[in-house]
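Open the model in your viewer and keep the selection tool at hand.

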Amino acid sequence: MEVPAPLPLSGAHSGQDFILFVKDDQAWAVSRTCTHLGCRINYLEDKEWIECPCHQSRFTREGRCIAGPAEEDLPTFPVRIVTGADNLVSAYIVEM
Ligand code: FES
């Protein structure tokens, strides 16, 4: 999945099945499928964590589980950073 740069100031972009994060020159993506029972999780910008609407499991931006009932971290997807001729980032490719 290709996400055009730049991302919003939050440094996050929610796709259908992933959340892409960009910080400094790093980019990574985590699955949006909760590791508890599979609900679609959301990034809460003001709290800077990911939360499941079903039973409120929480995960860090890196996908680490910090509050249950989920016990497993979120799967992550590699992200390829695409730069244009001007050497600026033009897009992020989430490899799912
Ligand atoms: S399905 Fe996400 S916490 Fe239960």
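Select Cys 65: does Cys 65 count as buried or exposed? Cys 65 counts as buried, because its relative accessibility is 17%. The cut-offs are under 20% relative accessible area for buried, over 50% for exposed, and partly exposed in between, with a 1.4 Å probe and protein chains only.

A word on what you are looking at. This is a predicted model, in which local features need pLDDT of at least 70 and side-chain atom pairs count only at pLDDT 80 or more, while totals for chains, interfaces and linings use all residues. Residues are numbered from 1 along each chain as its sequence is written, and side-chain values use heavy atoms, with hydrogens and water left out.

**Whole chain**

Now show the protein chain as a cartoon. You will find 11 strands and zero helices. Here strands are DSSP runs of E, at least two residues, and helices are runs of H or I, at least four residues; both are numbered from the N terminus.

Zoom out to take in the overall dimensions. The C-alpha atoms fill a box of roughly 45 × 25 × 20 Å along the principal axes.

Switch to a surface. The accessible surface is about 5800 Å², and carbon and sulfur atoms hold 48% of that. These areas come from the Shrake-Rupley method with a 1.4 Å probe; for residues, only the protein chains shown count as cover. Of the 96 residues in the chain, 38% are buried.

Next, display contacts, meaning heavy atoms within 4.5 Å. Take those between residues at least 6 apart in sequence: 37% of them join residues at least 24 apart.

**The disulfide**

Select Cys 39 and Cys 54. Their sulfur atoms lie 1.9 Å apart and form a disulfide, a term that calls for a pair of cysteine sulfur atoms within 2.5 Å. The angle about the S-S bond is -90°, and the link is left-handed. Follow the chain on either side. Cys 39 sits in the loop between strand S4 (26-31) and strand S5 (42-44). Cys 54 sits in the loop between strand S6 (49-51) and strand S7 (58-59). The two cysteines are 15 residues apart, and the pair links distant parts of the chain. By the distance rule, the count comes to one disulfide.

**Other cysteines**

Stay on Cys 54: it is partly exposed, at 33% relative accessibility. Then pick Cys 52, which is buried at 3%.

Finish back at Cys 65, which is in no disulfide. The nearest cysteine sulfur belongs to Cys 34, 7.8 Å away.
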